[in-house]
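Me: I would like to go through this model one point at a time. Please end each reply on the value or name I ask for.

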Amino acid sequence: MNLLITGTSRGIGLEMVRYAMECGWRVFACCRHPHQADALLKLAALAPERISVHIADLAELATLQALAYELRNEAIDMLINNAGVYGSNQNQFGEVDVRSWQQAFAINCIAPLKLSEALCEQVAISEHKIIACLSSKMGSMADNGSGGSYIYRSSKAALNAVVKSMAVDLLPKNIKAVALHPGWVKTDMGGVNAEITARESVTQMFETLLALTAKDSGRFIDIDGSDIPW
Ligand SMILES: NC(=O)c1ccc[n+]([C@@H]2O[C@H](COP(=O)([O-])OP(=O)(O)OC[C@H]3O[C@@H](n4cnc5c(N)ncnc54)[C@H](OP(=O)(O)O)[C@@H]3O)[C@@H](O)[C@H]2O)c1
């Protein structure tokens, strides 16, 4: 099975690469600064025939086009749009940092769509045909009881809308598109008080992804495969 994962320098993305390596899968591991991604490079050196490291800076759409061209002859079973940012902490009512909001929107919402557009033929010729976008419960309207976090919440809600439309538009190619919440995970973004480790999150997410069928396309799902209300 071939996977392409963005944001593999650390956190959930790095753990996905480690898990995939242990499973014997082929991984196109993407990050914005490969020369600074020491942990990823060490991992890739353990299985150089199965893990290749590629540049993909979600804030620079030209790098996504270059990546798609580089991989034009590859089948991609799972395109995992994992990379994401929380944005500035100036994100409460009355003080929202507009520049950070625009950057977060570009990285969390626009780039996953543009990368999916660029690679959809490679996904279409694969066996599993999955596009998974790492979303967040914080993008759920129904789950929002505490307000605030305008930047992150709105960019993930918009990503959910993108996933839903992709599910409809890519149906003729039999591609399944899902928005996936990874749990509250101990990473730089999730913080030390988070509920689960990256390994626990990744293990459950891959079990869920491998069990997807055509009727799951367009769903917003938790790591265990259950529905998250929009
Ligand atoms: N952790 C949680 O509890 C949690 C909960 C819900 C959803 N999520 C989602 O899960 C995904 C992974 O989160 P995480 O916890 O692993 O976050 P993280 O530890 O902060 O890692 C974020 C990853 O995204 C990459 N990234 C950031 N901006 C990028 C850009 N412009 N181009 C390419 N890569 C970029 C980072 O690369 P650099 O090293 O180069 O910065 C890093 O590899 C995100 O989409 C996040 O929103 C996480």
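**Helices, sheet and ligand shell**

Me: Which residue follows α1, and near what value is its phi?
Reply: Helix α1 is followed by Gly-24; helices (H or I, at least four residues) and strands (E, at least two) are DSSP runs numbered from the N terminus. Residues are numbered from 1 along each chain as its sequence is written. The model is predicted, so local features need pLDDT of at least 70 and side-chain atom pairs count only at pLDDT 80 or more, while totals for chains, interfaces and linings use all residues. The phi of Gly-24 is positive, near 80°.

Me: How far apart are the end C-alpha atoms of α1, and why does that agree with its residue count?
Reply: α1 has 13 residues, and the expected span of a helix is 1.5 Å times one less than its number of residues. That rule gives 18 Å, so the model agrees, with the end C-alpha atoms of α1 apart by 19 Å.

Me: Which residues of α1 are buried?
Reply: A residue is buried if 20 or more other C-beta atoms lie within 10 Å of its own, exposed if 12 or fewer, and partly exposed in between, with C-beta atoms placed from the backbone. In α1 the residues that count as buried are Gly-11, Ile-12, Gly-13, Leu-14, Glu-15, Met-16, Val-17, Arg-18 and Ala-20.

Me: Which helix gives the largest share of the shell around the ligand?
Reply: The shell has 30 residues, and Gly-7, Gly-11, Gly-84, Thr-187 and Gly-190 come nearest; a residue is near if its C-beta atom, placed from the backbone, lies within 6 Å. The largest share of the shell is 3 residues (11-23 being the range of the helix), and they come from α1.

Me: In what order do the strands of the sheet lie?
Reply: The protein chain has 6 helices and 7 strands, and its elements run β-α-β-α-β-α-β-α-β-α-β-α-β from the N terminus on. The 7 strands form an open sheet with parallel pairing, in the order β3-β2-β1-β4-β5-β6-β7.

Me: Which strands stand at the edges?
Reply: Two strands pair if DSSP finds at least two bridges between them. Each edge strand has a single partner, so one side of it is left without a neighbour in the sheet. These strands are β3 (51-55) and β7 (220-221).

Me: What is the bridge partner of Leu-134 in β6?
Reply: β5 and β6 run parallel and are joined by 5 bridges. Within β6, Leu-134 has as its bridge partner Leu-180.

Me: Is Lys-129 buried or exposed?
Reply: Lys-129 sits in the loop between α4 (98-124) and β5 (130-134). Its phi is near 55°, a positive value in a residue other than glycine. Because Lys-129 has 23 C-beta neighbours inside 10 Å, it counts as buried.

Me: Is Asn-174 buried or exposed?
Reply: Asn-174 lies in the loop between α5 (150-169) and β6 (176-180). The phi of Asn-174, a residue other than glycine, is also positive, near 60°. With 11 other C-beta atoms within 10 Å, Asn-174 is exposed.

Me: How far apart in space are Arg-99 and Gly-87?
Reply: Arg-99 is in helix α4 and is exposed, with 10 other C-beta atoms within 10 Å. Arg-99 and Gly-87 are 12 residues apart in sequence, and their C-alpha to C-alpha distance is 9.4 Å.
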